[in-house]
Amino acid sequence: MKVDHEVIQTVAELSQLKIDPADLENYAQGMTQVLDLAGRMQAIDTQGVAPMSNPLDATQRLRPDVVTETNQREAFQAIAPETEDGLYLVPRVVE
Amino acid sequence: MSELHELSLTEQLTGLAAGEFSATELTRHYLSRIERLDPALNSYITVCQDTALAAAAEQDALRAVGHAGPLAGIPIAHKDIFCTQGIRTSAGSRMLDNFIPPYSATVVEKLTAAGAVVLGKTNMDEFAMGSSNENSFYGAVKNPWSPDCVPGGSSGGSAATVAARLCTVATGTDTGGSIRQPAAFCGITGIKPTYGRVSRWGIIAYASSLDQAGAMGRSAEDAAHLLEAMAGFDERDSTSVMDAGPDFTSLLTADISGKKIGICRTYFNAGLNPAVEAAVMSAAKQLEALGATLVDVELTMADHAIPAYYIIAPAEASANLSRYDGVRFGHRCDNPADIDDLYKRSRAEGFGKEVKSRIMVGSFALSAGYYDAYYRKAQQIRRLIKEDFLQAFQQVDYILGPTTPGPAFAIGEMVDDQVAMYLQDIYTIAVNLAGLPAISIPAGFTGGLPIGMQLIGRHLDEAGLLNIAHRYQQVTDWHRQGPALEQEANHD
């Protein structure tokens with residue numbers, strides 16, 4: 001399928017990415033090629049085939065609901081761009 | 001005695017145990033080689049000189065009191081995708097250029113507990129997305145066999161550093177061929193274990209249903225020792241395989257008589273370099289001489305793996321990489337106007353072009369209206385690919401073929417053709433989709449560049465793969481060849 005600039009702008013929005021208008025064409029061409037490649041899948045009959053998400057068809061393992069990790073807020077926040085009083089700082093969200 | 005860096009892992013262990021040299025001497029030897037030779041290769045992102053020397057001294061002290069672990073004093077390198085507490089872990093990305101993990105990956109913990117000494121963190125394609133190591137924020141890695149060529153990717157730094165003898169063994173990860181393809185391009189041995197064999201805990205995620213860590217060394221024997229110390233059940237990884245105490249070394253020398261090795265004709269198609277084909281067929285004959293039986297086998301789904309992979313992997317990546325938002329860690333843009341601007345600009349600046357492309361393809365494939373046609377379809381094909389392999393494994397024990405369509409290509413040759421680069425993974429990707437173990441083994445040279453062959457096994461049969469590879473390496477010397485590094489010649 002041919003990907004146009006509008007599609008790129010939509011998926012960039014879904015992906016939370018700012019794309020420079022000058023790069024739109026390049027991304028559009030790249031995604032067109034990848035989706036053409038993926039389009040070859042349509043030639044295969046997959047009627048009735050169950051989708052596979054784990055190669056060993058494993059299911060989620062359960063464990064007892066007990067605390068296994070201690071709180072390490074200081075260690076984790078030491079690598080944050082900006083914190084204050086144990087909180088992560090971001091620009092004002094609500095005016 | 002040979003130079004220390006020419007010794008195999010087992011020879012180094014023997015030398016350390018006999019007191020012929022200490023872990024400190026061995027570590028100093030490698031650190032000085034890295035300082036002298038790596039500026040031209042760029043295989044390391046971070047060299048851990050001080051912590052390596054401290055760890056080596058600790059291993060010497062432990063050995064003196066009789067507490068040597070299975071890898072005590074062996075100098076290793078970790079791909080820069082394994083979290084290392086206190087040591088920057090970048091995943092080859094500007095996004096994580098400032099990320100110093102507060103914890104270590106299970107693999108790192110296990111290898112440190114086994115006594116390995118970490119020399120540094122190796123270069124890689126950003127977030128493991130690439131087949132050439134050109135997608136690294138820290139610059140391309142040079143192939144030690146030819147500075148004009150790529151080392152492969154994404155574990156290109158690990159492959160190059162092992163080939164150049166700048167560490168004894170190295171860790172890597174493989175989502176679509178990222179251990180095996182660079183191993184082939186650099187003339188080393190690399191094994192991608194069964195999905196779930198090695199814990200993914202603490203490994204920066206790319207595509208979680210495909211990602212698997214493995215071992216890279218000059219020989220199958222070295223790789224077996226490393227993998228044995230890395231693998232095993234981990235309750236912190238929800239997809240970890242329950243299997244107590246994997247043993248990859250005791251079967252290394254077993255007789256391979258009667259093993260059935262499948263040759264898949266589909267793998268020897270028009271796109272394959274004739275020298276690679278000749279090398280693989282010659283290796284097949286040698287395995288036959290060792291007692292194996294060669295059997296023709298059909299894999300009807302072989303050509304469909306790439307389209308399915310380039311939907312599934314980006315889809316998982318788009319979800320995994322959503323955590324990089326500039327709030328809790330990683331790159332943050334300057335002077336964000338509002339929260340949306342903070343997210344979008346931090347991500348736009350932090351990620352490189354290939355990563356952004358894959359995130360957008362993934363978001364597209366998962367979006368309303370396209371999910372069934374792309375993502376669901378790819379997951380159905382994934383099952384057919386796995387069933388195709390399982391059918392083949394009813395007739396044969398292993399499948400032999402090339403690892404890559406040709407030897408290492410030139411730096412810059414494919415950067416403008418995304419799909420041509422993707423097609424490099426044609427022989428490796430199906431293995432990840434099916435979750436099977438596979439190993440790449442040096443099998444010859446063409447034009448001065450190494451050739452790799454791939455052996456694929458049944459789920460959980462890493463020991464069998466390593467056994468065949470080791471027996472092959474006992475009658476061949478491709479894996480013993482080393483590149484002539486320019487500075488080395490000047491030095492001596």
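Student: Hi! Which residues of α1(A) meet α11(B)?
Tutor: Hello! In this predicted model, A:Ile8, A:Val11, A:Ala12 and A:Leu14 are the ones in α1(A), and they meet B:Met360, B:Ser363 and B:Phe364 of α11(B).

Student: How does that contact split by class?
Tutor: Between α1(A) and α11(B) there are 6 nonpolar residues and 1 polar, with no charged residues.

Student: And at what angle do the axes of the two helices cross?
Tutor: The axes of α1(A) and α11(B), the latter being residues 353-366 of chain B, cross at roughly 95° and come within 9 Å. Angles from 65 to 115 degrees count as roughly perpendicular, so α1(A) and α11(B) are roughly perpendicular to each other.

Student: Zooming out, how many residues of each chain are in contact?
Tutor: On chain A 41 residues are in contact with 55 residues of chain B.

Student: Which element of chain A gives the most to that side?
Tutor: That would be α2(A), with 7 residues. The elements giving two or more residues are α1 (5-14), α2 (24-39) and α3 (73-77) of chain A.

Student: What's the class make-up of the side of chain A that touches chain B?
Tutor: There you'll find 28 nonpolar, 9 polar and 4 charged residues.

Student: New topic: do β7 and β8 of chain B run parallel or antiparallel?
Tutor: Strands β7 (residues 260-264) and β8 (residues 293-297) of chain B run parallel, and 5 bridges join them.

Student: Through which helix does the chain cross between them?
Tutor: From β7(B), the chain goes through α8 of chain B, residues 274-289, to reach β8(B). This β-α-β crossover is right-handed.

Technical notes. Residues are numbered from 1 along each chain as its sequence is written. Chains are lettered from A and ligands numbered from 1 in the order in which they are written. This is a predicted model: local features need pLDDT of at least 70, side-chain atom pairs count only at pLDDT 80 or more; totals for chains, interfaces and linings use all residues. Two residues are in contact if their C-beta atoms, placed from the backbone, lie within 7 Å. Helices (H or I, at least four residues) and strands (E, at least two) are DSSP runs, numbered from the N terminus. Ala, Val, Leu, Ile, Met, Phe, Trp, Tyr, Cys and Pro count as nonpolar, Asp, Glu, Lys and Arg as charged, and the others, Gly among them, as polar. Two strands pair if DSSP finds at least two bridges between them. A crossover is right-handed if, with the strands pointing away from the viewer, the path from the first strand over the helix to the second runs clockwise. Axes are lines fitted to C-alpha atoms, for helices over the stretch in contact, and angles run from 0 to 180 degrees between N-to-C directions. Angles under 35 degrees count as roughly parallel, over 145 as roughly antiparallel, 65 to 115 as roughly perpendicular and the rest as oblique.
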